[in-house]
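Please look through the sequence and the model before reading on.

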Amino acid sequence: AKAIFTGKVVSIRLSEEKIDGKPVALYARFAVERSWKGPQTESIEVRTANICCSCGFAFESDKEYIVYSYSTDANVVSVSSCSRTSEIVGKSPDEKYLGKARKSKKS
């Protein structure tokens, strides 16, 4: 994974690029709570596919997730449904294995 962090989705936007009238990508902006790898910022935007059969992840506003992202571009952090990314209900069992998290830095 390029970045591993936990955070809450604070906003969602859809791409202007469309296929058959449907936005190709969904962008979820996270308030980062803990980070193990990757950017150490207070917030980060994550891209995922938003069209059928492209392995997109269905993020929802105001929910918390543990995110395992990858990157095909130095400026874009992406997630697919095939990663370990998941909603956190209670405490994520992954945190035990990831060890101590880093604190985010003010951006």
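The sections below take up confidence, salt bridges and the surroundings of one asparagine.

## Model and confidence

This is a predicted model, in which local features need a pLDDT of at least 70 and side-chain atom pairs count only at pLDDT 80 or more, while totals for chains, interfaces and linings use all residues. Residues are numbered from 1 along each chain as its sequence is written, and side-chain values use heavy atoms, with hydrogens and water left out.

The pLDDT, which is the predictor's confidence in each residue on a scale from 0 to 100, averages 87 over the chain, and 92% of the residues score at least 70. Where pLDDT is low, the predicted coordinates should not be read in detail.

## Salt bridges

Four salt bridges are found in a search of the whole structure, each defined as a side-chain nitrogen of Lys or Arg within 4 Å of a carboxyl oxygen of Asp or Glu. One of them joins Arg84 and Asp94, with 2.7 Å from N to O. Arg84 lies in the loop between strand E7 (76–78) and strand E8 (86–87) and Asp94 in helix H1, so the pair ties together parts that are 10 residues apart in sequence. Asp94 is buried at 10% relative accessibility, whereas Arg84 is exposed at 53%; here buried means under 20% relative accessible area, exposed over 50% and partly exposed in between (1.4 Å probe, protein chains only).

Another salt bridge links the side chains of Glu60 and Lys63, at 3.2 Å from N to O; Glu60 is partly exposed at 41%, and Lys63 is partly exposed at 27%. Glu33 and Arg34 also form a salt bridge, their closest N and O atoms being 4.0 Å apart, with Glu33 partly exposed at 33% and Arg34 partly exposed at 30%.

## The surroundings of Asn50

Asn50 sits in the loop between strand E5 (43–49) and strand E6 (64–73), and with a relative accessible area of 18% Asn50 is buried. A polar atom of the Asn50 side chain lies 3.1 Å from the backbone oxygen of Pro23.

When residues up to four places away in sequence are not counted, Asn50 touches Leu14, Lys22, Pro23, Val24, Ala25 and Leu26, where contact means heavy atoms within 4.5 Å.

How values were computed
Helices (H or I, at least four residues) and strands (E, at least two) are DSSP runs, numbered from the N terminus. A polar contact is a pair of N or O atoms within 3.5 Å; within protein, one must be able to donate a hydrogen and the other to accept it, and residues adjacent in sequence count only if both atoms are side-chain atoms.
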